[in-house]
Amino acid sequence: MAHRILVVDDEPHIRDVICFALERAGMVSTTARNGTEAMMAFHRGNIDLIVLDIGMPEMDGLEVCRQIRKTSGLPILFLSARDEEIDRVLGLEIGGDDYVTKPFSPRELVARVKAILKRSGNGGGFDNRENMLVAGEVSLARAARTVSFGGTMVTTTALEFSILVALLSRPEMVFSREQLMAAAYGPGIHVADRTIDSHIRNIRAKFSAAGAIGIIATVHGVGFRFGSDLGRKA
């Protein structure tokens with residue numbers, strides 16, 4: 001079944017370019033011209049991923065993402081202008097899965113969409129044979145794509161889930177930012193290495209809200225590892 005992609009941008013030409021590229025890649029696209037229409041399409045459902053422009057008038061892409069993340073982990077790929085680094089970082093911190101800067105290559109955008117769909121378990125090829133990863137009170141079910149701490153479910157984005165899979169698969173290993181980027185984004189996708197820091201902050205905040213402390217440890221000058229001092233808040 002073809003993946004269904006919602007393309008949200010206030011510029012008709014950009015919507016047309018993206019839809020053409022997605023449909024050439026075998027996907028089905030629908031469009032929204034602004035944040036309000038995007039939320040209406042989201043509530044109608046039947047969407048596998050959203051390509052979401054940040055810089056829209058009235059309800060911008062960041063606010064659309066905030067509203068969606070209240071109830072859903074639906075994958076979101078942000079579109080941002082080249083000079084909006086702060087917006088890109090903020091977009092990832094509030095739950096975006098990835099971003100593409102304008103002007104963009106339609107081929108690169110399609111590659112990133114496919115990578116996100118694959119990470120989210122919506123792109124096929126998932127290996128169910130090593131389903132569960134457990135460390136202390138943390139449990140991660142690959143097939144169900146769920147994560148919990150002490151029985152409390154922790155909602156993650158597709159990228160955050162991939163980072164946790166890497167860390168939990170080898171809890172004794174210190175991962176460099178480059179290694180975590182490769183685990184999260186897959187080969188051939190290049191992003192600023194500090195982007196990983198935004199995802200790490202999000203994971204820590206979500207586990208903290210579930211009562212956990214020390215889920216991911218920083219190894220200064222090297223990178224990150226699963227928290228050997230993982231515990232529960234007093």
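Tutor: Let us begin with strands: two of them pair if DSSP finds at least two bridges between them. Helices (H or I, at least four residues) and strands (E, at least two) are DSSP runs, numbered from the N terminus. The model is predicted, so local features need pLDDT of at least 70 and side-chain atom pairs count only at pLDDT 80 or more, while totals for chains, interfaces and linings use all residues. Residues are numbered from 1 along each chain as its sequence is written, and side-chain values use heavy atoms, with hydrogens and water left out.

Student: How do you know that β6 and β7 are joined, and in which sense do they run?

Tutor: Four bridges join β6 (residues 132-135) to β7 (residues 138-141), and at least two are required, so the strands count as paired. They run antiparallel, and alanine 135 stands opposite valine 138 in β7. The two strands form a hairpin with two residues between them, and glycine 136 in the turn has a positive phi of about 60°.

Student: What makes β7 and β8 a pair?

Tutor: Four bridges again connect β7 to β8 (residues 146-149), in the antiparallel sense. Leucine 140 faces valine 147 in β8. Their hairpin has four residues between the strands, and arginine 145 takes a positive phi near 55°.

Student: Why are β6 and β9 said to stand at the edges?

Tutor: The strands form an open sheet of four, in the order β6-β7-β8-β9, with antiparallel pairing. β6 and β9 (152-153) each have a single partner strand, so one side of each is left without a neighbour in the sheet. Helix α6 packs on this sheet, touching β6, β7 and β8; contact means heavy atoms within 4.5 Å. The direction of α6 makes about 115° with that of β7, where axes are lines fitted to C-alpha atoms, for helices over the stretch in contact, and angles run from 0 to 180 degrees between N-to-C directions.

Student: What makes lysine 206 and glutamate 160 a salt bridge?

Tutor: The term requires a side-chain nitrogen of Lys or Arg within 4 Å of a carboxyl oxygen of Asp or Glu. Here the closest N and O atoms are 2.6 Å apart, so the pair qualifies. Lysine 206 lies in helix α8 and glutamate 160 in helix α6, so the pair ties together parts that are 46 residues apart in sequence.

Student: How many salt bridges does the whole structure hold?

Tutor: The search finds 11. Among them, aspartate 98 is joined to arginine 112, with the closest N and O atoms 2.9 Å apart. This pair links strand β5 to helix α5 across 14 residues, and both residues are buried. Another joins aspartate 197 to arginine 177 at 2.7 Å. Aspartate 197 lies in α8 and arginine 177 in helix α7, so parts 20 residues apart in sequence are tied together; these two residues are also buried.

Student: How do you know that the buried residues of α7 line one face?

Tutor: In α7 (residues 177-185), Arg177, Leu180, Met181, Ala184 and Tyr185 are buried. They fall within an arc of 110° seen down the axis, so they line one face of the helix; the arc is that of the directions from the helix axis to the C-beta atoms. An α-helix has 3.6 residues a turn, so residues three or four places apart point the same way. The elements covering these buried residues include β5 (98-102), α5 (106-119) and β12 (223-226).

Student: What span is expected of helix α1, and which of its residues are buried?

Tutor: The expected span is 1.5 Å times one less than the number of residues. Helix α1 (residues 12-24) has 13 residues and reaches 18 Å from its first C-alpha to its last, close to the 18 Å expected. Its buried residues are Ile14, Arg15, Ile18, Cys19, Ala21 and Leu22. They cover an arc of only 165°, which puts them on the same side of α1. On the other side, His13, Asp16, Phe20 and Arg24 are exposed.

Technical notes
Buried < 20%, exposed > 50% of the residue type's maximum accessible area, 1.4 Å probe, protein only.
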